[in-house]
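The sequence and the structure come first.

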Amino acid sequence: MPEAYIVAAARTAGGRKGGRLKDWHPADLAAQVLDHLVTTTRADPALIEDVILGCVGQAGEQSNNIARNAVLASKLPESVPATSVDRQCGSSQQAVQFAAQAVLSGMQDIVIAAGVESMTRVPMGLPARLPHEHGFGSSVSPAMRKRYPNVQFSQFAGAEMVAKKYDLSKDEMDAYAYETHRRAAAATQAGAFNAEIVPVAVTTADGATEHHHVDEGIRFDATLDGIKGVKLIMEGGRLTAATSSQICDGASGVMIVSEKGLKALGVKPLARIHHASVFGEDPVIMLEAPINATRRALQKAGMSLDEIDLYEVNEAFASIPMAWAKDLGADPAKLNVNGGAIALGHPLGASGTKLMTTLVHALHARGKRWGLQTMCEGGGMANVTIIERL
């Protein structure tokens, strides 16, 4: 039976909006990760058969097939092709699944799945906003408006709907946000991210050059009282900026290979992709899909949630992983053990392979076997990937 193996996984440390990664063109930032994956595996770059790269804001510096531009900005030869994927926040998790499908089919043996997003240089929503502002219409078609009359598709509204549906109070979500900062700070101070982070050179305010290797969004001095004091995003709502993911710049990637690819590279696998699926449901509440997506994925994989050792559920908003855990009866101690996007940042198209990188390394650090990753996505979708540490 064919298998798909992860042999390398890496990410940059996150950068705040306008922060330490602001001077990096996203193609160049992604190239840093591509080069690192090749260096880590000591692979002949010419053996890489494709680069599949997730990116949500495909406009401006991230337009014109950002994946290919990242390859051309890297040390990879021109013979390596590349394609860009947009499944909203799940873009690079989908890149992982596409790469795995290519390998499992026997059509390719060595593929890089990656993601990048510079939310500083390409602001969130720009690809949809620019055409509308210049008279080129909207992505919401007349047929969509007829099917969903008087609806404004909004992730913020969806996150509030999830909080109310699953009876999650503001106090509970504030406490969750505090805990994710605490976990991220503890993981950083313990060196838990050292093996997964690709340091990149940045210029400081005084003109010096140093390497960026610590996630910039973590509030090491976070207090619960401070989080509770942040104003609500929506009047009458429950969520605040402190209980939402941070705008973030970053890149990430994993190398996925077949048995033949393992032999060609002469490397040992870090993990095996056991299951990959995607699911869609209500695009109005939008962000609830990971719950039923996980339920279906476990059924298809013939597993129970209790068998999974670690879960990475993207913290687009605190309500999402909290609702996921509450509905499925998940163990909170296994959930986002090194913190999540509320502290570490959510670089949209890069988050899928970012979470996968953290999951692979966390399984190795803890000597655990099974990991599950899922994330909510615009349009009411969710990817689920289950891996086995090797």
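## Ile48 and the cores

Ile48 counts as buried, at 3% relative accessibility; buried means under 20% relative accessible area, exposed over 50% and partly exposed in between, with a 1.4 Å probe and protein chains only. The model is predicted, so local features need pLDDT of at least 70 and side-chain atom pairs count only at pLDDT 80 or more, while totals for chains, interfaces and linings use all residues. Residues are numbered from 1 along each chain as its sequence is written, and side-chain values use heavy atoms, with hydrogens and water left out.

Ile48 sits in the loop between helix H1 (26–41) and strand S3 (50–54). Helices (H or I, at least four residues) and strands (E, at least two) are DSSP runs numbered from the N terminus. Not counting residues up to four places away in sequence, Ile48 touches Val38, Leu76, Val80, Ile110, Ile112 and Met255, where contact means heavy atoms within 4.5 Å. Ser118 is 70 residues from Ile48 along the chain, and their C-alpha atoms are separated by 25 Å.

The largest nonpolar core has 43 residues, of which Leu305, Ile308, Tyr311, Trp324 and Ile386 touch the most other members. Such a core is a set of buried Ala, Val, Leu, Ile, Met, Phe, Trp, Tyr and Cys residues joined through side-chain atoms within 4.5 Å. Elements that give two or more residues to this core include helix H7 (170–189), helix H10 (289–301), helix H11 (319–328) and strand S12 (381–389). Another core, of 38 residues, lies apart from it, and Ile48 is among its members, as are Trp24, Val80 and Val198.

Trp324 is in contact with Pro290, Ile291, Thr294, Leu305, Tyr311, Val313, Ala330, Leu335, Leu372 and Thr374, leaving aside its neighbours within four places in sequence.

Glu196 lies in the loop between H7 and strand S6 (200–203) and is buried, with a relative accessible area of 1%. Beyond four places in sequence, Glu196 touches Ala9, Ala10, Arg11, Thr357, Thr358 and His361. The C-alpha atoms of Glu196 and His361 are separated by 6.9 Å, although the two residues are 165 apart along the chain.

His212 belongs to strand S7 (residues 209–212) and is buried, with a relative accessible area of 0%. Leaving aside neighbours within four places in sequence, the residues in contact with His212 are Ala13, Gly14, Gly15, Arg20, Leu21, Val198, Pro199, Val200 and Val202.

His346 is in the loop between helix H12 (341–344) and helix H13 (351–366), and its relative accessible area of 4% makes it buried. Apart from residues up to four places away in sequence, His346 touches Cys89, Met119, Ser245, Gln246, Cys248, Asn314, Ala341 and Ser351.

The table lists polar contacts of these residues. A polar contact is a pair of N or O atoms within 3.5 Å; within protein, one must be able to donate a hydrogen and the other to accept it, and residues adjacent in sequence count only if both atoms are side-chain atoms.

| Side chain | Partner | Distance |
|---|---|---|
| Glu196 | Arg11 side chain | 2.7 Å |
| Glu196 | Thr358 side chain | 2.6 Å |
| His346 | Ser351 side chain | 2.6 Å |

## Helices H3 and H13

Two packed helices are described by the angle between their axes and the distance between the axes. The axes of helix H3 (residues 91–105) and H13 come within 5 Å and cross at roughly 70°. Axes are lines fitted to C-alpha atoms, for helices over the stretch in contact, and angles run from 0 to 180 degrees between N-to-C directions. H3 and H13 are therefore roughly perpendicular to each other; angles under 35 degrees count as roughly parallel, over 145 as roughly antiparallel, 65 to 115 as roughly perpendicular and the rest as oblique. Ser92, Gln93 and Val96 of H3 meet Ser351, Gly352 and Thr353 of H13 in this contact.

## Positive phi

Most residues other than glycine have a negative phi. Asn64 has a positive phi near 60° and, at 66% relative accessibility, counts as exposed. Leu348 also has a positive phi, of about 35°, but counts as buried at 7% relative accessibility.
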